[in-house]
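Open your viewer, load the model and get ready to click around.

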Amino acid sequence: MTGAPPNVDLERTVFDVLVVGSGFGGGTTAYALSRAGLKVLLVERGGWPARDETDWNGRAILLDGRYKGETPVDVRQGGAGADVETFPNEVVGGNSIFFGGAALRLRATDFARWPIAYADLEAHYGEAEALLEVHGQAGDDPCEPPRSSPYPYPPAELTAPARRIADAARGLGLHPFHIPVAINHAGTREPRCINCFTCDGFPCRIGAKNDVTQTALAKADPNNLAVVARMLVARLVERDGRIAGVEAIDRDSGRRLTLQARATVLSGGAIGSAALMLRSGLGARDASGTLGRYLMRHCNAMIGYVFPFRTNPDGVNHKQICVTDLYESVREADGTSLGIIQDMVMPPREVVRALGPPGFRWAAALGANSIQTLLCVAEDEPQKENGVSLSERKDAFDLPVASVRHEYTAADVRRRDALVRAARRILRRAGGLVGKLRLIDSFSHAVGTARFARTPEEGALSPDCRVWALPNLFVVDGSFMPTSGGVNPSLTITANAFRVAAHIKRDFGVIAAA
């Protein structure tokens with residue numbers, strides 16, 4: 001069986017905890033519980049990252065989908081009249097393999113509609129930054145929330161393209177700062193980052209990005225954690241008000257088997273975990289009616305400007321600058337953050353030609369060396385109509401395909417456009433001549449489909465991220481978030497996984513420790 005640990009009979013062993021999915025939430029939970037002495041089985045439907053030369057090939061990764069899975073998701077968004085079949089990436093480490101390293105905390109004001117406060121998560125943010133070996137400088141962010149610990153490592157020196165953006169932002173009276181990143185510039189392990197420009201959207205061939213495989217899984221107790229790759233979970237098996245096991249499928253052999261644990265933790269992503277719970281019949285157990293609903297993914301856009309010179313002649317990663325000055329500017333009116341602006345690296349020329357703004361693709365590809373871009377990340381509102389359901393269509397494993405519906409509100413668009421206007425000013429101040437906007441339609445920041453709440457009538461999960469009706473089932477991916485905030489959710493998911501792991505250790509660690 002692919003990836004099965006030696007000397008472990010998966011069907012006969014009752015683990016303390018079974019974790020489904022190996023992204024920020026699942027990987028961190030597996031790490032924390034294995035280090036606490038619990039016997040943990042982590043199953044992931046994807047395979048291990050290849051870590052070869054092809055992982056830095058723009059066409060192979062971003063266009064051909066080297067890591068795309070076999071199970072589609074039907075997506076309808078942006079007023080479209082029909083579904084678009086998409087194939088999400090599947091790999092050990094989840095989205096951490098492809099993220100660009102941004103590791104920002106939510107602000108205290110972002111917790112206004114949460115059942116916990118920022119103070120309840122603050123120490124766990126420190127644990128998350130330590131685990132992911134985040135490089136940053138405390139106190140530089142003008143909107144930074146209170147913190148009780150410094151960053152583990154200092155930020156890397158700014159590259160020339162990043163300095164250009166920082167100088168322009170300061171010239172406009174803004175306060176740009178080093179964006180904290182989970183990239184190994186100054187850490188103790190090897191290899192160190194070589195500052196290439198294939199980071200966002202790519203696996204790191206040399207392993208210098210501090211993704212989950214390089215941090216949580218590498219630091220877990222190998223005597224207590226078994227990781228099985230290319231194993232998908234078809235259904236959760238409920239018996240007498242508890243999860244008694246999961247039905248799984250070995251993707252290589254096609255063998256179906258049942259895995260058992262005293263507690264089960266879901267971390268398949270806001271789309272995957274919701275779909276799994278729905279096809280397991282758990283929607284009927286959700287008194288709030290929120291399971292699979294309130295999907296959020298940020299209202300994002302990239303704005304690129306053409307400059308009268310080569311913007312990145314050395315071909316370096318310059319995703320180093322962030323601007324948060326406008327973060328709280330609409331809080332009183334909208335009850336949300338506005339969001340942030342980040343420097344971004346232009347993707348390879350062939351990717352620009354394929355994915356650039358319509359009507360501008362060839363020109364953008366030809367002039368890619370003279371373009372610099374900024375990413376605008378705007379908070380989007382939770383809407384009940386946005387969410388995940390099950391299609392009548394079946395996948396290759398005879399399982400219902402997940403169907404996603406998502407539309408933005410006028411306020412979401414207004415917030416995004418306000419950030420775009422600010423980003424345009426920065427790029428023009430930096431020397432940009434003419435700009436073009438590209439809207440982001442991916443679900444890499446997806447959150448919200450199993451929101452936690454103070455009561456069973458308000459959300460699918462309790463404040464400790466336990467399914468209300470099933471005391472041994474937890475959800476630790478971005479599904480738990482009732483609002484999205486205005487920053488990449490990765491660090492928050494990681495911090496919350498530490499918080500939830502403490503609850504699991506308290507309730508399920510007694511037998512393991514005995």
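Where is Glu238 found? Select Glu238 and you land in strand β7 (residues 231-239); strands here are DSSP runs of E with at least two residues, helices are H or I runs of at least four, and both are numbered from the N terminus.

Before going further, a word on what you're looking at. This is a predicted model, where local features need pLDDT of at least 70 and side-chain atom pairs count only at pLDDT 80 or more, while totals for chains, interfaces and linings use all residues. Residues are numbered from 1 along each chain as its sequence is written, and side-chain values use heavy atoms, with hydrogens and water left out.

**Stop one: Glu238**

Show the surface here: Glu238 is partly exposed, with a relative accessible area of 32% (buried is under 20%, exposed over 50%, partly exposed in between, with a 1.4 Å probe and protein chains only). Draw a C-alpha to C-alpha line from Glu238 to Leu470: it spans 8.6 Å, though the two are 232 residues apart in sequence.

**Stop two: Lys319**

Next, jump to the loop between β10 (299-306) and β11 (321-323), where you'll find Lys319. Is Lys319 buried or exposed? It's buried, at a relative accessible area of 8%. Bring up the side chain of Asp200 too, because a polar contact of 3.0 Å joins it to the side chain of Lys319 (N or O atoms within 3.5 Å; within protein, one must be able to donate a hydrogen and the other to accept it, and residues adjacent in sequence count only if both atoms are side-chain atoms). Beyond four places in sequence, the contacts of Lys319 include Gly100, Ile179, Val181 and Gln342.

**Stop three: Gln342**

Gln342 counts as buried, at 3% relative accessibility. Among the residues Gln342 touches, leaving out those up to four places away, are Lys319, Ala102, Leu104, Cys322 and Leu375.

**Zoom out**

Switch to cartoon and you have 12 helices and 17 strands. Buried residues make up 59% of the 514 residues in the chain. Along the principal axes, the C-alpha atoms fill a box of roughly 65 × 50 × 50 Å. Finally, of the contacts with a separation of 6 or more, 75% are between residues 24 or more positions apart.

Methods
Contact = heavy atoms within 4.5 Å.
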